[in-house]
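Visitor: Could you walk me through this model, one question at a time?

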Amino acid sequence: MASDIKLNAVRDYVYTIFNDDPTGHDFFHMKRVARMARFIAGKEGSDLFICEAAGWVHDIGDRKMFSNRTNALEQLDNFLQSIDCTADEISAIQVAVENVSFSKGRTPGGLEGRIVQDADRLDAIGAIGVARTFAFGGAKGQLLWHDSEEKREGTSIQHFYDKLLNLKRLMHTRTAKQLAEERHRFIEMYLQQFFKEWQ
Ligand code: ADP
Ligand code: NI
């Protein structure tokens with residue numbers, strides 16, 4: 001099967017899994033990460049097919065959404081085999097997504113994994129990042145922010161300080177560092193405006 005046909009099949013598979021997730025992990029997050037991973041791969045001289053495919057499937061098996069991680073990964077493996085991905089391709093995809101999640105706090109070993117992690121992190125900053133943060137907060141019933149310092153933990157604005165403002169420094173590739181600049185400035189501006197209105 002040609003790689004573009006395989007990628008279309010992966011896209012359709014991912015659609016059936018994530019299409020209605022309300023916590024910022026919907027199908028279009030997967031699509032943006034897949035496209036961004038492919039773009040970065042092109043700039044950084046990495047494998048376009050592996051990076052895009054890994055971008056599509058990077059959140060499959062995440063414990064926040066899947067009660068049975070092993071099962072979800074096994075199903076993915078079977079699916080990739082069914083569309084004629086080679087054993088080498090499947091293991092490269094698995095390696096690339098293994099340590100992507102921010103919550104694990106790990107850095108993927110290979111370039112392909114770093115690219116997918118960068119693409120995922122770029123989707124957490126900028127205007128999309130702001131939108132996803134409040135979508136997540138809404139889905140979990142979080143407050144936007146709190147007047148008293150001791151009650152700010154677990155608010156959506158606190159999440160900017162706990163995670164989002166750190167992501168720019170944590171980018172691995174030159175391409176992602178460049179893209180992160182504008183998105184980082186945007187969230188800084190956003191916070192400034194938020195507090196101006198909050199007072
Ligand atoms: P991943 O595990 O795919 O790296 P997360 O599940 O941590 O991503 O986050 C998904 C989206 O929800 C991101 O945009 C992230 O910034 C946002 N998010 C995660 N945790 C919180 C939180 N406690 N409050 C607000 N937004 C959050
Ligand atoms: Ni993700």
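The questions below go from the core to the helices, then to single residues and the ligand.

Visitor: What kind of model is this, and how are residues and chains labelled?
Guide: Residues count from 1 along each chain as its sequence is written, chains are lettered from A and ligands numbered from 1 in the order in which they are written, and side-chain values use heavy atoms, without hydrogens and water. Local features need pLDDT of at least 70, side-chain atom pairs count only at pLDDT 80 or more, totals for chains, interfaces and linings use all residues, and the model is predicted.

Visitor: Which residues is Val-57 in contact with, leaving aside neighbours within four places in sequence?
Guide: Val-57 is among the core residues with the most contacts. Contact means heavy atoms within 4.5 Å. With sequence neighbours set aside, the partners of Val-57 are Val-10, Val-14, Leu-76, Ile-93 and Val-97.

Visitor: How far apart are the end C-alpha atoms of α2?
Guide: Helices are DSSP runs (H or I, at least four residues; strands are E, at least two), numbered from the N terminus. The expected span is 1.5 Å times one less than the number of residues. For the 18 residues of α2 that should be 26 Å, and the end C-alpha atoms agree, at 26 Å.

Visitor: What covers the buried residues of α2?
Guide: Buried means under 20% relative accessible area, exposed over 50%, and partly exposed in between (1.4 Å probe, protein chains only). The buried residues of α2 include Phe-27, Met-30, Val-33 and Ile-40. Their cover includes α1, α3, α6, α7 (126–140) and α10.

Visitor: Is Arg-38 buried, partly exposed or exposed?
Guide: Arg-38 sits in helix α2. Arg-38 touches Leu-7, Leu-48 and Glu-52, not counting residues up to four places away in sequence. Its relative accessibility is 34%, so Arg-38 counts as partly exposed.

Visitor: Within what arc do the buried residues of α5 fall?
Guide: Buried in α5 are Glu-89, Ile-90, Ala-92, Ile-93, Ala-96 and Val-97. They line one face of the helix, because seen down its axis (directions from the axis to the C-beta atoms) they fall within an arc of 165°.

Visitor: Which exposed residues are on the face of α5 turned away from its buried side?
Guide: The buried residues of α5 pack against α1, α3, α4 and α6. The face turned away from them carries the exposed residues Ala-87 and Asp-88.

Visitor: What arc do the buried residues of α4 cover?
Guide: In α4, the buried residues are Ala-72, Leu-76, Phe-79 and Leu-80. They lie on the same side of α4, because their arc around the axis is only 100°.

Visitor: Is Asp-62 buried or exposed?
Guide: Asp-62 lies in the loop between α3 and α4. With neighbours within four places left aside, it is in contact with Arg-69 and Ser-101. Its relative accessibility is 11%, so Asp-62 counts as buried.

Visitor: How far is a polar side-chain atom of Lys-163 from an oxygen atom of ligand 1?
Guide: Of the 15 residues around ligand 1 (a heavy atom within 4 Å), His-25, Lys-64, Ser-101, Gln-142 and His-159 come nearest. A side-chain N or O atom of Arg-132 is 3.2 Å from an oxygen atom of ligand 1. For the polar side-chain atom of Lys-163, the distance to a ligand oxygen is 3.3 Å.

Methods:
Core = buried A, V, L, I, M, F, W, Y, C linked by side-chain atoms within 4.5 Å. Polar contact = N/O pair within 3.5 Å; in protein donor to acceptor, adjacent residues only side chain to side chain.
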